2 protein chains.
Amino acid sequence: MEKQDQLLMKKQNRLLVLELIRAMSPISRIQLSKVTKMSPTSITRIVQELQEEGFVRESLIESTSIGRKPTLLELCPDVLYTVGVELDRRIVRVGLVDFLGELVDFKLFQRKSQESYKETLNNIQEKTVQIINENHIEMKKVIGLGVGLPGSIDYEKGIVKISEQLQWENIPLADDLKELTTHNIIIDNELKMKIIAENTIGQSIDSDNCILLGIGSGIGAAILLHGEVHRGTSNNAGEIGHTVIDPNGVICHCGKVGCLSTYISESAIIADANKVKPINSIEEVYDAYRSKETWACNIMDRVTTYIALAVSNMACLYEPEYIILSGHLIDELPGIGKFIEEKCDRYIWQSIRQNLKIVYSKLGSEGVVRGAAIQAQKVLLDL
Amino acid sequence: MEKQDQLLMKKQNRLLVLELIRAMSPISRIQLSKVTKMSPTSITRIVQELQEEGFVRESLIESTSIGRKPTLLELCPDVLYTVGVELDRRIVRVGLVDFLGELVDFKLFQRKSQESYKETLNNIQEKTVQIINENHIEMKKVIGLGVGLPGSIDYEKGIVKISEQLQWENIPLADDLKELTTHNIIIDNELKMKIIAENTIGQSIDSDNCILLGIGSGIGAAILLHGEVHRGTSNNAGEIGHTVIDPNGVICHCGKVGCLSTYISESAIIADANKVKPINSIEEVYDAYRSKETWACNIMDRVTTYIALAVSNMACLYEPEYIILSGHLIDELPGIGKFIEEKCDRYIWQSIRQNLKIVYSKLGSEGVVRGAAIQAQKVLLDL
């Protein structure tokens, strides 16, 4: 609990009006006054400030209300931009995102297998300059970069504490990238960025309590409670990949036994597949599954069981409104969703199951980029 | 996000001052001003109001500061009272609690095996009147009753949706009890009440992010985030007893397979014990364990494994500061804690384990009663 003062109060009310214009655009001043229960005078004053600062404009769309038509308000998409970056082991995605959260342009580059930290940073810098210039955006309108990456991230200090996938440990990524690009930098775990996107432009816009499950090279979750990312003591909340689910299970590369990721991660699936035939990539397993090869069906049957167990655990502990399934597995094998849901029906306690919506991310490969850019706007935009 | 207005702001600042006096008592006006960053004038005004209303008084304890001694402030314990009630299958506990959260007096009665809903309510009413009268408390000082009970509770409507243990379904407990006692009634799940007690007078006073695990006739958890009970869509967050942890496990009375409670609940333990010798109560199992009988050690070894798995799941999903272990098992076999912790060390990912404190409830049989009474004060006290 914090002391409430007039300055904070004003700031929160401005933010509330801005967020309502974002969510309900186009909207009239009268509607804003009704929804916020603020006086028409306060609304007029706040809207005028936001217009003068360039965040809000009068819409060309006409109100459909009867009688004198009130002017409708909307956000100015081009008042500012951020760049969203998704950093993964083999690929880096860079996107330019406007004030509405829309992707203006998108680039990607492959990371070479021996690519150094410095080379990666230089490539990000190069693509960032390129994407801004090619779209003729004034540099001063770009307020910063948001970067999402796998691993345990100290988002306040901008440090990558540990990232197994990138093989980075205690790297001051935000500072290094700021020095190189001269932009403000926000970094966070990729799934925490992605859930921001789902909540702003994706599958859970109407909910403040949802969980995103990401299933790809690893498995993890991000949690949104009361509209805020739940972080835990050191931003590791949601790291379910190394939850032990079977104390008699197989040994995990982390040194423990029966971790969830030993059943679901791509490397675990490939290792199992190799007991049947030589398999080099997860795509070959997915192809075999699509062709209904028995061994692949058996492996994927076990995978859906453990995904459903993870969903069940999350549902019982948090009781969220939505669990959003996302990641390479879901993108590649959308049909697998119905098997996961069937098992969830069997595993999840009925009182919780009946209120839970299981949905599928539609943001695909844009999710982390857009989420990172939107999060950078939320953090860096000082109203 | 809500509109911020002056009235709300004043109310929040009053509450902040009151809570600080509670937490840091005895405390001077100057210290309050420093901690809250409010002006000395504002503090003096708020404190004067709180004194006039009887919530706060000047302490007899002298400040140890050098120079002119500032007057220290503290709460008035006897400004108001609430009654806390713990309703369980076989036993009902009733406690009178003052404004400091201290237990003034405590009574309990056994529920007969065929006791009707109405009889139980009458007994609660009788004990409530008795405990108030015997302690010579003016009835108008008792602002309400808080009731904690096992099951799925609609705490806003005051309805017991379902309680397996009490065999109640869709019972308007709060309304019925209000009609009988004429007091305001707050009801909630027992563990949600208990974590309020742990956070106010127990093991997690200094933390706003903690989880309470209750292990007794059943198993469940309550979760506190940012100082508020996390409820989920319909107040079922934390209901981990029927989380499936082994899809090849034994059938549970809920109809599912491999629920956590099939490994840990008292009835499951007793059923297992009966495979060895005739055992009628959990106390006999505990006695055998204390005497190091092999079968009892094996059963309890498995129990600690599954408790550690539950702790591991909760730790990875929430990353809380504390996990508080409580309930009949922990109260009766305090030595078992070290086995649970050893397994937690093995199961929980190191980055999360290192920041997690595993502690043990010391409130014993008073926990739910005091928590329910404190929660009733929080909800009913309209500053």
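Q: Which residues line the largest cavity?
A: A lining residue has an atom within 4 Å of a cavity point. In this predicted model, chain A contributes A:Val244, A:Ile245, A:Leu309 and A:Asn313, and chain B contributes B:Val244, B:Ile245, B:Leu309 and B:Asn313. The elements that give two or more residues to this lining are α10 (294-318) of chain A and α10 (294-318) of chain B.

Q: How is the lining of the largest cavity divided by class, and what volume does that cavity hold?
A: The lining comprises 6 nonpolar and 2 polar residues, with no charged residues. The space inside the largest cavity is about 70 Å³.

Q: How many cavities of 30 Å³ or more are counted?
A: The count is 4. The second largest cavity holds about 50 Å³ of space.

Q: Which residues line the second largest cavity?
A: From chain A come A:Asn313 and A:Leu317, while chain B supplies B:Ile240, B:Thr243, B:Ile245, B:Leu260, B:Ala310 and B:Asn313. At least two residues of this lining come from α10 of chain A, and at least two from α10 of chain B. By class, the lining has 5 nonpolar and 3 polar residues, and no charged ones. A:Asn313, B:Ile245 and B:Asn313 belong to this lining and also to that of the largest cavity.

Q: Let us turn to the interface. How many residues of chain A are in contact with chain B, and what area do the two chains bury between them?
A: Contact is judged between heavy atoms, with a cut-off of 4.5 Å. Here 52 residues of chain A are in contact with 52 residues of chain B. The two chains bury about 4600 Å² between them, and 62% of that area is on carbon and sulfur atoms.

Q: How many salt bridges and how many residue pairs in polar contact are found across the interface?
A: The rule finds 0 salt bridges between chain A and chain B. Polar contacts are counted separately: 24 residue pairs, both residues at pLDDT 80 or more, are in polar contact across the interface.

Q: Which elements of chain A each supply at least two residues of the side that touches chain B?
A: They are α1 (6-24), β13 (219-225), α10, α12 (337-347) and α13 (350-353). The element giving the most to that side is α10(A), with 8 residues. By class, the side of chain A that touches chain B has 22 nonpolar, 20 polar and 10 charged residues.

Notes: Residues are numbered from 1 along each chain as its sequence is written. Chains are lettered from A and ligands numbered from 1 in the order in which they are written. This is a predicted model: local features need pLDDT of at least 70, side-chain atom pairs count only at pLDDT 80 or more; totals for chains, interfaces and linings use all residues. Side-chain values use heavy atoms; hydrogens and water are left out. On a 1 Å grid over the protein atoms alone, a cavity is a set of points where a 1.4 Å probe fits but cannot get out, and a pocket is an open set with protein on both sides within 12 Å along at least five of seven lines; lining residues have an atom within 4 Å of a point. Grid points are joined across faces, edges and corners, and a volume is the space filled by probe spheres set on the points. Helices (H or I, at least four residues) and strands (E, at least two) are DSSP runs, numbered from the N terminus. Ala, Val, Leu, Ile, Met, Phe, Trp, Tyr, Cys and Pro count as nonpolar, Asp, Glu, Lys and Arg as charged, and the others, Gly among them, as polar. Buried area is the accessible area (1.4 Å probe) that two parts lose on being put together, summed over both. A salt bridge is a side-chain nitrogen of Lys or Arg within 4 Å of a carboxyl oxygen of Asp or Glu. A polar contact is a pair of N or O atoms within 3.5 Å; within protein, one must be able to donate a hydrogen and the other to accept it, and residues adjacent in sequence count only if both atoms are side-chain atoms.
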